[in-house]
Amino acid sequence: MQGNGKSAPKPDTLNEQVGVLVRREIEARILGPMIDAFADAFGRERVLEIVRSTVVEIARSQGRAMRMSGDDNDLEAFAGTMEAWKRGGALETDTLVSTGDVFDFNVTRCRYAEMYREIGMEELGSILSCARDYALIEGFNESVALARTRTIMEGASHCDFRYGLRAPVDLEA
């Protein structure tokens, strides 16, 4: 419940209503000027650090909510959640492997990156969108690791997402 006595909408419900791409644009258009104002008052580096850590914690919480709303939290279940981010052609992807233990894909077109560039907020794109990826999967399943070496947001030809189960830790070694 929010302070006004009304329940906040579930993140998946909001994403279904407006789509994640539109949601990110609305967020950026509101947050961008606020971030700039706070940066002028308190220093850009520190403000961006706070924004990044806040966005990461939000993503981790969203990952936990995704886990709790489904029957399973393996990588096949996670792959099934991708439609929300892809809705309306927001992402074009090429799936390489999709099993319960591995989910590898490339993003070949990212309208999120295009949108941030179009509205003049390219710097914030990696913070408001890309920074979420590692924390989201951590919240969804702590046994899964993400490796990503490039993003379109940073100028690469594609984003390489490689999800896999972490090696078990041998506590006796």
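**Group meeting: a walk through the model**

Hi everyone, let's begin with the surface: the protein has an accessible surface of about 10,100 Å², and 52% of that belongs to carbon and sulfur atoms. Please keep in mind that this is a predicted model.

Now the overall layout. The protein has eight helices and four strands, and along the sequence they run α-α-α-α-α-β-β-α-α-α-β-β. There are 173 residues, and 39% of them count as buried. If we take the contacts between residues at least 6 apart in sequence, 59% of them join residues at least 24 apart.

Which residues make the nonpolar surface patch of about 730 Å²? They are Val18, Val22, Ile26, Ile30, Leu31, Met34, Phe38 and Phe42. Helix H2 gives the largest share of this patch, seven residues. One of the patch residues is valine 22, which sits in H2. Valine 22 counts as partly exposed because its relative accessible area is 42%, between the 20% and 50% cut-offs.

Next, the inside. In helix H7, residues 122-130, the buried residues are Leu124, Gly125, Ile127, Leu128, Ser129 and Cys130. What do they pack against? Their partners are helix H2 (20-42), helix H3 (44-69), helix H6 (111-118) and helix H8 (132-140).

On to the cysteines, which I know some of you will ask about. How many disulfides does the whole structure hold? The search finds zero. Take cysteine 110: the closest cysteine sulfur is in cysteine 159, 5.6 Å away, and that is too far for a bond, because a disulfide needs the two sulfurs within 2.5 Å. Cysteine 130 is in no disulfide either, with the sulfur of cysteine 159 nearest at 6.1 Å. Are these two cysteines buried or exposed? Cysteine 110 is buried at 10% relative accessibility, and cysteine 130 is buried with a relative accessible area of 12%.

Last stop, serine 98, in strand S1, residues 91-98. Serine 98 is partly exposed, with 38% relative accessibility. Beyond its neighbours within four places in sequence, serine 98 contacts Ala79 and Phe103. Phenylalanine 78 lies 20 residues from serine 98 in sequence, and their C-alpha atoms are 9.9 Å apart.

Key:
Residues numbered from 1 in each chain as written. Predicted model: local features only at pLDDT ≥ 70, side-chain atom pairs only at ≥ 80, totals over all residues. Heavy atoms only, no water. Helix = DSSP H or I, 4+ residues; strand = E, 2+ residues; numbered from the N terminus. Buried < 20%, exposed > 50% of the residue type's maximum accessible area, 1.4 Å probe, protein only. Contact = heavy atoms within 4.5 Å. Areas by Shrake-Rupley, 256 points an atom, 1.4 Å probe, with all protein chains shown as cover. Patch = residues over 30% accessible without salt bridge, like charges linked within 9 Å, V, L, I, M, F, W, Y side chains within 5 Å. Salt bridge = Lys/Arg side-chain N within 4 Å of Asp/Glu carboxyl O.
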